[in-house]
Amino acid sequence: AWPRLLGRSRPLLIVYDSISVLASGPQDEFRKPENGQKICGVIMQKWAGLKDDDLNMVPLLECLTPIITCLGVDFIPHAEAVAQRCHAILVNAISLIAQGRDDETSADTSFIVSSLDVLAALCEGLGSQVEALFKPLQPSVSD
C-alpha cells in the first residue's frame, strides 16, 4: 500500500511518522493533556474524513498505535469509535478474503495488520477498561 501512497501524500506520511516518533519517545510532553488532546483532535479529524478502504487509512492507523499506547486512558474519548472502525475494517477484509476477492484494496494485508496493531494498542493503553469496548462489537470475526 505504501508505494501507491508515496506520490500523493508524502508530506502527510512525514507528519504521521513524526507524530509516531514523538509518541514513542519520552512521553512527558506528549502526555500533557493540552498536547496529547490537540494531536488527537487533528488525527481524529483526518480519521473522520477517510473511508475504510482509503489507502491513506493505513498510515493513519500506524500513527494511532503509538499515540494510543502513550496516552493510555486519556485516549478513552476516542477509543470506542476507533475500536468499532478497526473491527469493521477487519470484518470487511476477512469477508473479502473468504469470498476470494482478496485483490480488492480493503482486503490488503496492510489494513488487517494496521487494524490489529491499533486494537492491540487499545488493549495495552486502556488495560482492563478495554473489555467494555470489545463486548458489543458484532459480528464477531469468527462469525
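A charge counts as sitting over a ring if NZ of Lys or CZ of Arg is within 6 Å of the ring centre and within 35 degrees of the ring normal. Arg85 meets that rule here, lying over the face of Trp47 at 4.9 Å from the ring centre. Keep in mind that this is a predicted model, where local features need pLDDT of at least 70 and side-chain atom pairs count only at pLDDT 80 or more, while totals for chains, interfaces and linings use all residues. Residues are numbered from 1 along each chain as its sequence is written, and side-chain values use heavy atoms, with hydrogens and water left out.

**Overall fold**

- The protein chain has seven helices and zero strands, taking helices (H or I, at least four residues) and strands (E, at least two) as DSSP runs numbered from the N terminus.
- Of its 143 residues, 42% count as buried; buried means under 20% relative accessible area, exposed over 50%, and partly exposed in between (1.4 Å probe, protein chains only).
- Among contacts (heavy atoms within 4.5 Å) with a separation of 6 or more, 73% link residues 24 or more positions apart.
- The accessible surface comes to about 7700 Å², and 57% of that belongs to carbon and sulfur atoms; the areas come from the Shrake-Rupley method with a 1.4 Å probe, and for residues only the protein chains shown count as cover.

**Arg85 and its salt bridge**

- There's one salt bridge in the structure, meaning a side-chain nitrogen of Lys or Arg within 4 Å of a carboxyl oxygen of Asp or Glu.
- Arg85 makes it with Asp52, and the closest N and O atoms are 2.4 Å apart.
- Arg85 sits in helix H5 (residues 76-98) and Asp52 in the loop between helix H3 (33-48) and helix H4 (57-71), so the pair ties together parts 33 residues apart in sequence.
- Arg85 is buried, at 14% relative accessible area, whereas Asp52 is partly exposed, at 31%.

**Helix H6**

- Helix H6 (residues 109-126) has 18 residues and reaches 25 Å from its first C-alpha to its last, close to the 26 Å expected, where the expected span is 1.5 Å times one less than the number of residues.
- Its buried residues include Phe111, Ile112, Val118, Leu119, Leu122 and Leu126, along with Ser110, Ser114 and Ser115.
- An α-helix has 3.6 residues a turn, so residues three or four places apart point the same way.
- The buried residues of H6 pack against H4, H5 and helix H7 (131-134).
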